[in-house]
Amino acid sequence: MMSDRESDTRQEPGLGEKAGSQRATELLAHQLSEATRANGEVDLPALLEAIGSTYENLATELGRIDGRTDALSVEKTDKNALVTLALDTVSEGIAVFDADDRIVLWNQRYLEFYPELEGFLVEGRSFETMLRLGLERGAYVDARGREEEWLKARLERHALPNSIEEQHRADGRWIRVEERRMADGGRVGIRVDISEFKRREAASRLLFEDSPVPMYLFDSETLRFLAVNRATVSRYGYTVHQFMNMSVLDMRPERLRAEALVAIRNGVDTQSGNQLFRHLKADGTEIDVEVFSRKQLHNGRQAVLVTAIDVTERKRASDELEATREFLDTIIENVPAALFAKDPVSRKYILLNRAGELLFGCMREDFIGKSARQIFGERVAIAAEAEEDELLSGGVKQLTASETVSTPNGTRLLTITRMVVRNPDGSPRFIVGVTMDVTEKRRAEEQIAYLSQHDALTGLPNREAMMVRLADGIFAATATQARFGLLSVDIDRFKTLNDLYGHAVADKVLKEAARRLVDIAGDGLVFRPGGDEFVMISNDPDQPNASRRLAALAQSVFSKDIVVDDKSIRIGISIGVATYPHDGDSGSLLLANAGAALYHVKSEARGQVRVYESKADQVIRDRWVLQADLGHALRNGELSLHFQPQAEINGRIFGFEALMRWTHPTRGPISPEKFIPLAEESNLILDMSEWVLEEACRTAAGWTHPLTVAVNLSPIQFQHGELPRLIQQTLIDTGLPPSRLELEITEGILLGDFAHIVGMLRRIKAMGVRIAMDDFGTGYSSLSYLQAFPFDKIKIDKSFVQSIGRTEQATTIIRAVIGLCRGLGIPVIAEGVETEEQRSFLAQEHCPEIQGYIIGRPAPIQVYDKIVDTLASARTL
């Protein structure tokens, strides 16, 4: 049995244990209270100090107990358990390491943070061993793949007197680690779960950084920027580094900074609302912004978070709208077209502008309040009301009609475009109209149409008109099984006459020849395709006898001299005859066969008449052979490109036109006028034109200077394949910028499916490629084409240019075309300029661009190497 003394002694450890545990808990509670801020957050550095002090004080206090008793030995041994019991009451993970970096104390929360240590963690386990276990089990996300590097860095931070870091755990949690060295060389560390904070931080960063709206944070006291998002950097143009060295006043215009400072101090600039402020971008541009902001704490300091919406365009639009309203009356009054508005119910006029007064010859006071019937009469009113009824029914949005109206200024041809302005509910509010006086325009169009269909020198229908006449004649003859003859007439040795007497005399001879032919064949049956060639049509069904009789009559009238400037000139004519349908079922074939017969006459016995004979016609056979040879020309490398320069009127070259040439292996160079029609008839033109386009673009892309290159398009290309896609792919393949390519089309192309062709041209133009109308005035030119499609350039045909100084009609046509283009804002270029006289005339008429031998002949591009490489010296005049 134990003695009383022994019994009392054995009771002491129990009392000591209770007292030690209670003391440890009280110490820890006191230190936690000291380390807690007013807002409830724990000051981690202060808590580290508290834990270290608690541990050291407890160890010291327990060390005073007499170690000779077994009970005290137990109490000393369990001192860590007592502390652990107290530390388990806190939510932070806590661990204490001795001077040898071995763990001597930890709480339950610490194990929850590092579950891989469960069953492994015992007192005395080294810190490095604990880390290595975590690395083996992949507990540290940031260490994966670089475990040794991470371990070395972690141990180095652990050895510092104080350290703070964040750990990303494999279970997705984020832990904040704060460690501090104690006086005895040991270390105490706290682990805090900051996962929720990290999630909030990421969300806030996402909202701030990735916001498409500029956002920034600035210090309320210093006004310096604390943070800016990417949208702010993009919108204002300053770098992040620049922003961090600026205050919010620095992005205000200097004249407004004093005012801005007062506004910021008074809180005016940090309110959400409709007030606008002026900000300054890095490039000096001023913008209007609407500011939305709120105050918040940032690292313990008062700051302002700002969202700045750029409303510059909105404000500008508002200002422009106001200006538009203010000047609306002025615009309406000064527009050069007559504008009117009518009440949709009474149909009475409620508005007329000044141009309308001038057009209709009456004051608006006499116009307003009256109907069209009262002003213009029954006929005009019925037509107008019919269109207005259709518009009011909602079937169409606008209608344009031509109307002839009697005015004090005479009878005028008007185009009136009407539309209905509706209320938000769809009910009609006004009927408005724009009236244009197109009387003079229509006269000019009719004149140009006439001139485009007739030879400028003789007044005879030209080649294009002839082809239309032939097509109509064949259509009619097919229906009635009629016959007619075509006579190709050529003046013998006309070149000699031209060289002997000069152009002026030669032109008068041509005019007299035209008159004599019309006298015997009749109006509308004599044509001048060009040069000294004429064509007559014999409608007498007694073919070919009727054509022979007409040919004999023609020769008889030319047996008399032509007197020009007191000079008697005797000329002879040769005639080839082809009849429909015996010698051809198309206009082009009839012309070819009549031409073949004429060729025989000129080559054998001039001044004769020959009717086409197919068997004896070697020319036709040669033509077929030539067409077959053309089929091999492209793949045999017989085709090449020549380039003719295009220049400003002063001679400065700005581009080249690419022209296809064919060198036959046995016949030598073949004229384009000969082989291109053959290519178009056989569709060989498709492959040939594709080659020309690619070769021209590739050549131009290699030039040092960005000169333009013009390429002709064939009508056949608009009928086959996807032309816009071909052009786009060619530009991509060759690398030529679209703005440097100009495509030339003839007016005849537009005679096909007009809507389809114009649609293709618009697609091409949308790429940035320029579209030019070639040979303007020689074919089916019409102002309607210029209205339907915005051509980038008009080319005056060389036939007009070469008649400058020789015929008044040519001069009139050129002036009309240049004036028309100037009025429409379309650049114009004259081709075929060969003499200084022609260039001078074009300069006087303000023709801006020319092309022709006076600038340079078509030649391989190597001939123009110096021009291509040295643009500054590219001047020939």
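A residue is called buried at under 20% relative accessible area, exposed at over 50%, and partly exposed in between, using a 1.4 Å probe and protein chains only. By that rule, both faces of strand β21 are covered: I573, I575, V577 and T579 on one side and S574, G576, A578 and Y580 on the other are all buried. This is a predicted model, in which local features need pLDDT of at least 70 and side-chain atom pairs count only at pLDDT 80 or more, while totals for chains, interfaces and linings use all residues. Residues are numbered from 1 along each chain as its sequence is written, and side-chain values use heavy atoms, with hydrogens and water left out.

- Helices (H or I, at least four residues) and strands (E, at least two) are DSSP runs, numbered from the N terminus; β21 covers residues 573–580.
- Strands pair if DSSP finds at least two bridges between them; β21 and strand β16 (residues 484–491) do so in the antiparallel sense over eight bridges, and F484 stands opposite Y580.
- With strand β22 (residues 609–611), β21 pairs in the parallel sense over three bridges, and I575 has V609 as its bridge partner.

**Hairpin β11–β12**

- Strands β11 (residues 338–342) and β12 (residues 349–352) pair in the antiparallel sense over three bridges, with A341 opposite L351.
- Six residues separate the two strands of this hairpin, and R347 in the turn has a positive phi of about 60 degrees.

**Aromatic pairs**

- Rings of Phe, Tyr and Trp (its six-membered ring) pair if their centres lie within 6.5 Å; planes under 30 degrees apart count as stacked, over 60 as edge-to-face and the rest as tilted. This rule gives 19 aromatic pairs.
- The ring centres of F225 and F243 are 5.1 Å apart and the planes stand at 75 degrees, so the pair is edge-to-face.
- Because F225 lies in strand β7 (residues 225–228) and F243 in helix α10 (residues 240–244), the pair ties together parts 18 residues apart in sequence.
- Both F225 and F243 are buried.
- F340 and Y349 also form an edge-to-face pair, at 5.6 Å centre to centre and 80 degrees between the planes.
- F340 counts as buried at 6% relative accessibility, and Y349 counts as buried at 6%.
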